[in-house]
Amino acid sequence: MKKPIGKKVTKKTTRPAAKAAAAPAAPAKVRVATMWLSGCSGCHMSFLDLDERLVGLAKLIDILFSPIVDTKVKDMPQVDVGIVEGCVNNTDQEHELKMLRDRCKILIALGDCACTGNIPALRNQFPLKDCLARAYEQAESNRISCIPNDPLVPKLYPKARPLQEVVKVDLHIPGCPPDADVIWYALTELLAGRMPQWNEKNLRYD
Amino acid sequence: MTATKKISLTINGKVCAGKPGQTILEIARANKIDIPTLCYLKGLTPWGGCRLCIVEIEGSPKVVPSCTTPAVGGSKIITNSPRLQGLRKATLELLFSERNHFCPMCQYNKGDCGLQHQGYLHGINNVRYQYLYPAMPVDLTAKYFGIDHNRCILCGRCVRTCDEIEGVHTLDVAYRGIRNRIVVDMLKKFSESETCTSCGACVANCPTGAFFDKAAAFRGPLASCQQVLTTCTECPLGCGLKVFVKENRIVNVWGDPDSPVNRGHLCVKGRYETWAEPRERITQPLLRGKDGKLKPATWDNAIAAIRKAVKAAKKTEKALLVAPRVTNETAQTITKFTGKIDRLGMYVTANEAALCSDPSFNADAMRKLEDADAIIIIGVQPSRDHGVVAARIRTAVRKREAKLLIFHARKSDLDRYANICAHEVSLEHQFWDEVAAALEGAQRPAIVYGANAMTPIGVTVLERLIKIFEGHPGRRAPALIGLPVGTNSLALAAAGIEAVEDVGPWLDAKPLKFLHIVASDAPDGGAGMLEEKYVPGLLDEIPCVVVQAGYRSALTGKAAVVLPATIWCEKSGTITNLEGRRLSLRPVLPVSGEAREDAAILESVFA
């Protein structure tokens, strides 16, 4: 990370929400986009677990593009921070991720799927055609057995890949999902212009 | 003497003392300086595989693994520097990327995993190498545990444990480079293994979740469990148990590393059979109804029924039979009632009565066995009945090249390590000359004998051996280690309870109207013990048979009244092991249902 973004918060207080609220109105809010690739949405849920801290955070950031906001935008805007949950499984996801990378300054891989591949990468041990056959032809719940072949359906890659195998990632936040406190720590550090430091107290891989 | 000389070196600027021959890691840990490790485990040969314990030595350009590098006096060691941190991080990242170490899918993800712990300590939030996602097999064919190669880091702790502690060397490492993996008996599955004893030490010593206990799976992280130390009551060794308990359930059972008897090692009986086997527990008193079926009853009704039968029978028509596994405290209670009954006995396996007739405890038997350079087995099967003894014998033979001679014992896996293995004992001079030759030069011989050494053949062997030892002046007398099968039979015999190996005639001696059997928590109610001399119809002829037991069995099936007794993990009291140590049982779980302690039940029946 080269340039610090957001207003630098110099003094730490124990109550994070109070701290965010106490900060005087920032000259410009940090623009954020979040993206949900091959993941379970749990990381976004964990972000929402920031609870009342979201109110303070909303004074500092603007979420312009996200599966959890209701703003309709035709095209992905230019943002300061891109937060991505999930790994890259298909052509469409790769396209979206690359687009976000182009339009953001800092890209954050949020959660284990984005960092390591995690559960979507379980299929990496098996050939793609076996995976598709298991899901669409052999699965007990299938009424008709047909592997989707419409040209509109994005093509699955032979392996699910963590983000950093596709684009440059600036910050990894592990966890399945990362705890809301960890997300808060990472975001507030970034807003303060620092890179989060990881140790046994804030790291969780599960 | 160089052995007593001390060396002094500086670690991280702190002056540390140690002995020559100690490794840097040993001295550092003794001086409370922590160096991260994964493949190192105290008690096993250092392997130098994981490379986490690397340190810098001043004046040397390269880093060295501290677990395998002997300390040199006067050297200056650095255990933590940016360079070492960087190397350790890279090593850990390589480990993470090599196999499928995905914490969310692993039951060891809450503080039980060494790899995860090191990842946290080193602040690894991202692996810079490409994940390989290899397709790794999982072997679930072992009865009590499984191995998931996806989570293996090839630290080799299981291999060394299997080789150096259990002494069977079932596990080893095969293939090269990236295909390198742990194998069982030259590429077999666990179910096909002829050498695995299911001791489960590999599981306890695995730093990751590669080896896991099936019964412990998803019962909760060990790190969150309460640990209770108690004593195994499956054989007269009395191994120390470390029981992991959570929410009144046993999560796992490991050996107690501080126990002088087993020093952390267990056999399949103590490690798994007591808790991982499905056994039907008796939790309330049962009375046999008029239709011949056992029905639940209250304690008051059951005791009233028994006391009625006790009163109706004359003194000569009453007998008490106990399992040889009851505690010393129960034995004290039992002996109070000898005046009220005709016969008091404990049922023991064939020929064990002679072993109990002169109860002799060999203090320090386990240490002597571990130290022996010639081990003679007579009439006992350690690998079936006393697993930890068998492990000590195997390691003595394989690691210290001790001689092993087996006489008059059934076939077992120990046979293949034996210098002389005589299932059938010959009396020819040539054979005994060979025996004498094999024992030539033995400085610390140990004779491990069991019940079958008390047969005429066994006694002959013992006599001849003693003649061999006496015939060579200057040779030390062998340590005699008697191994009964009954857990507490030696102490019970010493307390004055008659050992009965032939239950049939014992019961038949005078007609009985009331027989009380204390089966305690023997898995088969002790029916297995009774079986050999069991006369099936015999119990049917006695009008009132009371069985107090922890589990349903063939024996409780014969009873008119069944009383629920506490089992090993609910008991308190002591047992005396073959070394004469009084070892404490501590309640691990609350008493289940209406079960009561053996002694308390006896009090309410006979007092």
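## Before you start

Because the model is predicted, local features need pLDDT of at least 70 and side-chain atom pairs count only at pLDDT 80 or more, while totals for chains, interfaces and linings use all residues. Residues are numbered from 1 along each chain as its sequence is written, and chains are lettered from A and ligands numbered from 1 in the order in which they are written.

## Chain A and its sheet

Chain A holds 7 helices and 7 strands; these are DSSP runs numbered from the N terminus, helices being H or I with at least four residues and strands E with at least two. Along the sequence, the pattern reads α-β-α-α-β-β-β-α-β-α-α-β-β-α.

Five of these elements come together: 5 strands of chain A make an open, parallel sheet in the order S2-S1-S3-S5-S7. Strands S2 (61–65) and S7 (171–173) of chain A each have a single partner strand, so one side of each has no neighbour in the sheet. Strands count as paired if DSSP finds at least two bridges between them. In chain A, S1 (residues 30–36) is joined to S2 by 4 bridges, and A:Val32 has A:Ile63 as its bridge partner in S2(A).

## Two nonpolar cores

A nonpolar core is a set of buried Ala, Val, Leu, Ile, Met, Phe, Trp, Tyr and Cys residues joined through C-beta atoms within 7 Å. Buried means that 20 or more other C-beta atoms lie within 10 Å of a residue's own, exposed means 12 or fewer, and partly exposed is in between, with C-beta atoms placed from the backbone. The largest core has 183 residues, and B:Ile375 and B:Val448 are among those with the most contacts inside it. Helix H12 (residues 387–400) of chain B gives this core its largest share, 7 residues. A second, separate core of 42 residues includes A:Cys43 and A:Leu190.

## A closer look at B:Leu266

B:Leu266 sits in the loop between strand S13 (249–255) and helix H6 (268–276) of chain B. B:Leu266 counts as buried because it has 29 C-beta neighbours inside 10 Å. Leaving aside residues up to four places away in sequence, B:Leu266 touches residues including B:Cys199 and B:Val388; contact means C-beta atoms, placed from the backbone, within 7 Å.

## Where the chains meet

The contact takes 21 residues from chain A and 17 residues from chain B.

Definitions and conventions
Two residues are in contact if their C-beta atoms, placed from the backbone, lie within 7 Å.
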